[in-house]
Amino acid sequence: MSQKPRNSRILQAAEAKKSADGPKPSRTTGLGRVIIAVYGILALAATVRAVYQIVSKFDEAPEAYVLSLISGLIYFVATFSLSSAKPRAWMVSLWAVSIELVGVLVVGTLSLTHPEIFAHPSVWSGFGEGYGYIPLVLPIIGLWWLYRNRSERHS
């Protein structure tokens with residue numbers, strides 16, 4: 001007696017579905033790596049600039065310089081939380097990127113409507129025009145990326 005191979009269409013479909021449900025790419029691969037790299041570059045640029053301005057000419061525009069330092073620190077939090085696989089990293093990333101978006105919108109609007117508040121530009125002044133509007137576009141892309149990878153928040 002020969003045994004019949006168990007290659008029914010149902011088993012083939014189940015195997016195909018199983019391979020399609022395989023490991024999903026992490027938020028730290030592909031475009032995620034680019035987003036993390038841009039956050040890292042922006043974190044370094046904003047923080048180093050702010051520290052230099054605070055040390056060398058703090059009395060000229062303290063609000064703008066302290067705000068630049070805060071934005072740089074937020075970029076560091078976003079960089080490290082986006083690149084982390086720890087359980088709470090997704091939520092920390094969501095908060096950091098959301099705070100960044102609100103900050104750039106509020107400061108950008110205030111810098112245009114009340115320019116006297118910002119004697120010198122900060123990272124978020126003019127919606128990030130001094131940084132090629134990357135501070136405005138990056139959190140939108142970051143939030144989209146986090147939404148797209150929201151299943152990772154439970155891993």
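Reply:

**The nonpolar patch**

Helix α5 gives the most to the nonpolar patch, with three residues. This is a predicted model, so to speak plainly about its limits: local features need pLDDT of at least 70, side-chain atom pairs count only at pLDDT 80 or more, and totals for chains, interfaces and linings use all residues. Residues are numbered from 1 along each chain as its sequence is written, and side-chain values use heavy atoms, with hydrogens and water left out.

The patch members are Leu 31, Val 34, Tyr 133, Val 137, Ile 141 and Trp 144, and together they have about 510 Å² of accessible area (Shrake-Rupley method, 1.4 Å probe, with only the protein chains shown counting as cover for residues). To get into a patch like this, a residue needs over 30% relative accessible area and no salt bridge, and nonpolar side chains (Val, Leu, Ile, Met, Phe, Trp, Tyr) are joined within 5 Å. A salt bridge here is a side-chain nitrogen of Lys or Arg within 4 Å of a carboxyl oxygen of Asp or Glu.

Both α2 and α5 (134-148) supply at least two residues each. On α5 sits Ile 141, which is partly exposed at 33% relative accessibility (buried is under 20%, exposed over 50%, partly exposed in between, with a 1.4 Å probe and protein chains only).

Now follow α2 (residues 31-57) along to Thr 47. Thr 47 is buried, at 13%, and touches Leu 69, Gly 72, Leu 73 and Phe 76, leaving aside residues up to four places away in sequence (contact means heavy atoms within 4.5 Å).

As for the whole protein, there are five helices and zero strands (DSSP runs numbered from the N terminus: helices are H or I, at least four residues, and strands E, at least two).

Definitions and conventions
Patches are made of residues with over 30% relative accessible area and no salt bridge: like charges are joined within 9 Å, nonpolar side chains (Val, Leu, Ile, Met, Phe, Trp, Tyr) within 5 Å.
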